[in-house]
Amino acid sequence: RSLVDRVLSSSSLDAQQDLYRRELRPTLLGERLLAAVSHPAVMTLLGVPGPQRELVAAAPGGFPGFLRRCLDHVMSVALLRDNYFWNVYLTGRYRRDSCPEYLTRAGFAALKAGHVDNVRCVTATVTECLRRDREGFDAFVLLDHMDWLTDAPHALGAEWSSIFAAARPGAGAIFRSGGTDAGFLPGAVSRRLLFEPERARILHARDRVGTYGSFHIARLAPAA
């Protein structure tokens, strides 16, 4: 705990990386601990489903290698104390000067002033939600949930059929994966996605969460 607190108190990125490399990394990323964390039961408790574990395990070095690369990246991309994703993981709380935009005073005031009315909560699968909608969408932020469907290709195909049907002209999509590429997508889906790999690569390198193997940006092409 004291070592983590010292990392969180680092005044510069160089100081943070030096402390991480010399003291924290050898302690935190030892073979025995990584083997324990990589156990399927632990991964399940952390919310990592079986299909996603398989995607990660297929990467070079398996799960231990993946975890090492993740933390090496996180420690190099920003000060941990200013990285509100990892700050809340390690301390259990946000700070006023390190929190999501909607929790800042200005952001929360904007929500209360009317922006919250733009939010609609739906309890359904993505496919069910899109089939109910009649207005269409310009953008789809899909996070990493497709990793959960890699062992259910019919469900994945049905979801993308609904996405294409609900997409307005020029609509775009972003998504990430525990895997190193988007090879889990059905061929019929990939052929209708116009990927922007260079832009995605640049933005992925700035990712402060650091726990995903790939990030993707694509435009949805109309059916031929």
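The legends below describe close-up views of a predicted model.

Local features are given where pLDDT is at least 70 and side-chain atom pairs where pLDDT is 80 or more, whereas totals for chains, interfaces and linings use all residues. Residue numbers start from 1 along each chain as its sequence is written, and side-chain values rest on heavy atoms, with hydrogens and water left out.

**View A. Strand 1 and strand 2 are paired in the parallel sense.** Strand 1 (residues 137-141) and strand 2 (residues 167-177) share four bridges; two strands pair if DSSP finds at least two bridges between them. Phe137 stands opposite Ala167 of strand 2. The chain passes from strand 1 through helix 10 (residues 153-166) to strand 2 in a right-handed β-α-β crossover. Right-handed denotes a clockwise path from the first strand over the helix to the second, with the strands pointing away from the viewer. Helices (H or I, at least four residues) and strands (E, at least two) are DSSP runs numbered from the N terminus.

**View B. Strand 4 has antiparallel partners in strand 2 and strand 3.** Strand 4 (residues 214-220) is joined to strand 2 by six bridges, with Ser177 partnered by Ser214 and Gly172 by Arg219. Strand 3 (residues 193-195) is joined to strand 4 by three bridges, and Leu194 stands opposite Arg219. Strand 4 is largely enclosed by the rest of the structure, because five of its seven residues are buried (under 20% relative accessible area, with exposed over 50% and partly exposed in between; 1.4 Å probe, protein chains only).

**View C. The largest pocket has a volume of about 870 Å³.** A pocket is an open set of points on a 1 Å grid over the protein atoms alone, with protein on both sides within 12 Å along at least five of seven lines; lining residues have an atom within 4 Å of a point. The volume is the space filled by probe spheres set on the points, which are joined across faces, edges and corners. Of the 30 lining residues, Met43, Leu46, Leu67, Trp86 and Thr211 lie nearest the centre. Helix 2 (13-28), helix 3 (31-37), helix 5 (50-57), helix 6 (62-77) and helix 7 (84-91) each give two or more residues to the lining. Helix 6 gives the most, with six. The lining comprises 24 nonpolar, four polar and two charged residues (nonpolar: Ala, Val, Leu, Ile, Met, Phe, Trp, Tyr, Cys and Pro; charged: Asp, Glu, Lys and Arg; polar: the others, Gly among them).

**View D. Asn83 lies in the loop between helix 6 and helix 7.** Asn83 counts as buried, because its relative accessibility is 0%. Leaving aside residues up to four places away in sequence, Asn83 touches Val74, Ser98 and Arg208 (contact: heavy atoms within 4.5 Å).

Methods: On a 1 Å grid over the protein atoms alone, a cavity is a set of points where a 1.4 Å probe fits but cannot get out, and a pocket is an open set with protein on both sides within 12 Å along at least five of seven lines; lining residues have an atom within 4 Å of a point.
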